[in-house]
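The sequence and structure are shown first, and the description follows.

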Amino acid sequence: MAKQKVTLFWFRRDLRLEDNTGLFHALQSDFPVIPLFIFDDDILENLPQNDARVSFIYDSLQKMNEQLQAIDSSILIKKGKTIEVWKLLLDEYDVQQVFFNKDYEPFAIKRDLAISSLLRDNNIEVFYFKDHVIFEEKEITKADGLPYTIYTPYKNKWLEKYHLSGGVSEYNSESLFGNFAKNQFPFPGLNEIGFERSAIKVLLPNLTQIANYKETRDFPALDSTSYLSPHLRFGTVSIRKLVNWANRKNQTFLSELIWREFFIQILFSFPNVVNHNFKSAYDGIQWRNNEDDFKRWCSGTTGYPMVDAGMRQLNETGYMHNRVRMVVASFLCKHLLINWQWGEAYFAEKLLDFELASNVGNWQWAAGTGCDVAPYFRVFNPEIQQKKFDEKGIYIRKWIPEFDLGYVEPMIDHAFARDRAIATYKKGILK
């Protein structure tokens with residue numbers, strides 16, 4: 001019996017049915033569309049069994065599956081090494097076309113090239129689309145066609161292009177749901193994927209206080225941030241809807257979204273930043289990389305309350321307030337002289353919103369080795385940061401319950417650490 005000719009839409013970091021670019025185009029193909037998600041062993045094998053991000057991905061897929069079941073369809077869930085899964089799919093189905101949305105990380109680019117080559121070798125059409133950014137790759141460049149390496153001129157060009165185009169159009173993929181294939185695939189349990197449910201939860205987005213975002217965003221005790229970052233990371237919200245909304249509501253919030261795209265563009269244009277300083281002149285810095293100091297930083301026992309509260313929040317919840325992220329990152333790189341890559345790797349393990357481009361970009365910003373015009377001698381004073389942004393100690397006491405019982409002494413004197421950091425950087429910068 002002949003197999004049914006089908007189109008496959010491959011979900012990755014776009015876990016929603018609404019305003020999904022690739023899905024919108026897939027649902028206009030000439031064949032019934034089977035939605036697909038692959039739990040990739042190459043990624044999963046490095047994660048703990050109770051990884052909160054896997055629980056979030058699983059729950060997001062389950063929510064999508066319930067939407068599909070309402071129209072007599074369902075999502076096909078597979079697990080394994082991606083290339084091997086695709087080979088099995090080609091045996092199982094008469095695949096005519098494959099659609100997916102692009103990813104700009106080095107691992108994803110290499111993976112997608114391999115899968116696309118496999119598909120084309122089997123005479124299958126491959127279509128891929130921009131979805132999780134407004135402007136990609138070489139859409140925002142300097143006059144000479146080279147990528148921007150400084151944020152402000154990038155932002156200005158980004159805004160100019162956005163406004164000249166009258167905003168950005170959204171894709172009404174939900175209007176085409178009738179083109180999904182009528183299949184009821186079994187939905188696996190989380191344990192069947194090899195994981196267990198995490199006690200850490202991804203919170204729902206909170207946009208109620210964005211009107212005052214500029215005035216309140218630096219004060220962690222106010223809890224006035226959006227909690228959008230994990231949803232942006234995994235695509236449970238549409239960047240187009242969000243940017244159009246932010247443009248109407250708050251330009252400061254919009255600027256933060258542009259920062260995200262700036263770092264994605266940097267990673268795409270300069271993929272070596274994952275493992276190397278953007279500024280190669282900083283390669284001569286002699287990091288101390290003391291493992292005991294690193295453990296105290298990780299556990300939130302440095303004796304600097306703002307640093308320790310941030311690390312404890314991260315360890316317990318997978319979140320950390322953005323202002324506090326700057327303080328803890330600066331402390332690791334400058335006060336302790338530990339290579340930013342150690343901190344980047346720890347954040348990658350713990351953050352619910354871990355996104356390679358932003359994580360690397362922000363850590364190099366904190367270390368002073370990235371695409372940043374700020375001088376290397378910028379060293380955050382954790383005590384001054386605490387007085388400015390948590391004067392009453394509300395945030396600190398939330399995460400350090402023993403704070404008022406006689407807190408531990410700072411592990412290093414700020415003035416000494418600052419002088420040592422500046423001298424080490426100055427000596428290490430290659431001429």
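A nonpolar core is a set of buried Ala, Val, Leu, Ile, Met, Phe, Trp, Tyr and Cys residues joined through side-chain atoms within 4.5 Å, where buried means under 20% relative accessible area. The model discussed here is predicted. Its largest nonpolar core has 80 residues, and those with the most contacts inside it are Trp-158, Phe-253, Trp-297, Phe-347 and Tyr-425. Helix α10 (residues 251–269) gives the most to this core, with nine residues. A second, separate core of 33 residues includes Leu-15, Phe-99, Phe-177 and Phe-234. In soluble globular proteins, nonpolar side chains tend to be buried together.

**Helix α11**

Trp-297 also belongs to the buried residues of helix α11 (residues 291–299), together with Asp-293, Phe-294 and Cys-298. Viewed down the axis of α11, these buried residues fall within an arc of 140 degrees, so they line one face of the helix. An α-helix has 3.6 residues a turn, so residues three or four places apart point the same way. The face of α11 turned away from the buried side carries the exposed residues Asp-292 and Lys-295.

After α11 comes Gly-300, whose phi is positive, near 70 degrees.

Arg-260 lies in helix α10. Is this residue, Arg-260, buried or exposed? Its relative accessibility is 7%, and Arg-260 therefore counts as buried. Leaving aside residues up to four places away in sequence, Arg-260 touches Arg-13, His-132, Val-133, Leu-232, Ile-239, Glu-355 and Ser-358.

The largest pocket holds about 1,500 Å³ of space. Of the 50 residues that line this pocket, the closest to its centre are Tyr-213, Glu-256, Asn-322, Arg-325 and Asp-353. Helix α10 supplies the largest share of the lining, eight residues. The helices that each supply at least two lining residues include α6 (151–164), α8 (229–234) and α17 (394–399), as well as α12, α13 and α15.

Note on methods: Residues numbered from 1 in each chain as written. Heavy atoms only, no water. Buried < 20%, exposed > 50% of the residue type's maximum accessible area, 1.4 Å probe, protein only. Helix = DSSP H or I, 4+ residues; strand = E, 2+ residues; numbered from the N terminus. Arc of directions from axis to C-beta. Contact = heavy atoms within 4.5 Å. 1 Å grid on protein atoms, 1.4 Å probe; cavity = no way out; pocket = protein on both sides within 12 Å on 5 of 7 lines; lining within 4 Å. Points joined across faces, edges and corners; volume = space filled by probe spheres on them.
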